[in-house]
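User: I am new to this structure and would like to learn how to read its features step by step. Could we go through them together?

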Amino acid sequence: RLVGNHFATEPGKNVVMFGNTPTYIISESKTEIEVAVPDAETRTPTITVTSYGSSVSISAFTMKSPVISDFSPHRGQPTDQLIITGTSFRGSYLKVFLDDVQLQLDNMDDTHLYTRIPYDLTKHEGTLKVRFYDQEFVLGQTFKSPWIRIDDFPGTGLTSSQTFVHNNAAYVALVGNGTNNEVWKFSNNQWSQLNDFPGIDPGSSLGSTFSFIVGGKGYIGGGDIDVMQRSNKLWEYDVVTDSWTKITDIPQSEYVFSGFAVGSTGFAFEQDFVTQPKLWEYNAAADTWSMISVVPDGMSGTANSFIIGNTAYLLDQQWQAFWKYVPSSNQWTAVSVPDNFKFAFSMGGFGYAGNRYSFYKFNPSTNAWSQELMPYPYLDDDNFISFSINGKGYIVRRSSGTYGKVAYEYDPSF
């Protein structure tokens, strides 16, 4: 409200500027003009009032600064809404930053700023800052996210891939749609291409294979050739020499689609889709296979697995089922599971499993699951590769399409 004398009383004859920004006049009389404060270029604009061509300036005006109280949540995930609370929030010159990244402002009122965590968040912990013209307010508590986005997988694709881990490095083979034989290594947050997998004949495809790692050697085998034919070939990969060797065929007559390893022993499931699947054991030292078990009812033999100690935990991909398998006693135990999980890994003595909607932590001492945060962006199907190295988990979306190779890192310490 501007108070004075001799202001114009005719509409349109008074002009009020905040610096170079005109403002809306709410009411006017000979002795008083009421205006709406605009978003001026500076926090201390000079106000100029012009009436009948005569101007007067006032330089003692300062925009009222906001007061920042808190924000929530303090721990979240990419695309989560973040709400900053306080007072005196207004104007387009009010901006929010996470470290040096400006966040999208969805909405605001006098006491709330509604913003959003970036979908491509790249740091697990960051400082929130609110800027108002030349002022910067740093919030005392940092924002933490266990999930961050890392560089996309650079290879052809990951549709039919197999993954195994050795010495804090992940190896991914058979990338693409079953016709591509690329092999990649992930270590120190970087991807590097290795020698190709030699087990795909020219003009053919190889899908639904199994893999595991035993004694520092990776193994890939089984699956189907051109969808219609069973494969019983087995290949061994030396991580030191980056070389593949064809070894003794798998002595099975039906499909082998999934495998795992416990200690120095590899395992693979054989299934014919009619009878109960069989579990085969591989002795790497002798290069021999032995059929050791027919799996229980309710286990399809196609499973995502994680290993804790000397026990395998198997998440059935066809049924919402979860099995504990102890090789030393050849014992199967059904365990309850809260969802139909599509990827899994273990670290720190715990198992982790999820799908595009949910992510859970498994405690083997209690056989209990607890829900954890899960990143949503671009995870619009249930086809992933997953692994853990250096106390961190990784998932990579392996379907084709625009976002087919998006990768995320999970660090439970945040």
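User: Which strands each supply at least two residues of the lining of the largest pocket?

Analyst: Rolling a probe the size of a water molecule over the atoms shows where empty space is left. On a 1 Å grid over the protein atoms alone, a pocket is an open set of points with protein on both sides within 12 Å along at least five of seven lines, a cavity is a set where a 1.4 Å probe fits but cannot get out, and lining residues have an atom within 4 Å of a point. Here, β19 (162–166), β24 (210–214), β30 (255–262), β34 (303–308), β38 and β42 (384–389) each supply at least two residues of the lining of the largest pocket, and β30 gives the largest share, six residues. Strands are DSSP runs of E with at least two residues, and helices are runs of H or I with at least four, both numbered from the N terminus. This is a predicted model, in which local features need pLDDT of at least 70 and side-chain atom pairs count only at pLDDT 80 or more, while totals for chains, interfaces and linings use all residues. Residues are numbered from 1 along each chain as its sequence is written, and side-chain values use heavy atoms, with hydrogens and water left out.

User: What volume does the largest pocket have, and which residues lie nearest its centre?

Analyst: A volume is the space filled by probe spheres set on the grid points, which are joined across faces, edges and corners. For the largest pocket this is about 1000 Å³, and among its 42 lining residues Thr 163, Ser 211, Gly 259, Ser 305 and Ser 386 lie nearest the centre. The lining divides into 20 nonpolar, 20 polar and two charged residues, where Ala, Val, Leu, Ile, Met, Phe, Trp, Tyr, Cys and Pro count as nonpolar, Asp, Glu, Lys and Arg as charged, and the others, Gly among them, as polar.

User: How many cavities of 30 Å³ or more are there?

Analyst: The count comes to one cavity of 30 Å³ or more, and the volume of the largest cavity is about 120 Å³. Of the 14 residues that line the largest cavity, Gly 199, Leu 206, Ile 225, Ser 231 and Lys 233 are the closest to its centre.

User: How many bridges join the neighbouring strands?

Analyst: Five bridges join β38 to β39, where Met 347 stands opposite Phe 350. β39 and β40 pair over four bridges, with Tyr 360 in β40 as the bridge partner of Ala 353, and a hairpin joins these two strands through four residues. Strand β40 (residues 359–363) and β41 pair over five bridges, and Asn 363 stands opposite Ala 368 in β41.

User: Is β39 largely enclosed or left open?

Analyst: Buried means under 20% relative accessible area, exposed over 50%, and partly exposed in between, with a 1.4 Å probe and protein chains only. Four of the five residues of strand β39 (residues 350–354) are buried, so β39 is largely enclosed by the rest of the structure.

Conventions: Two strands pair if DSSP finds at least two bridges between them.
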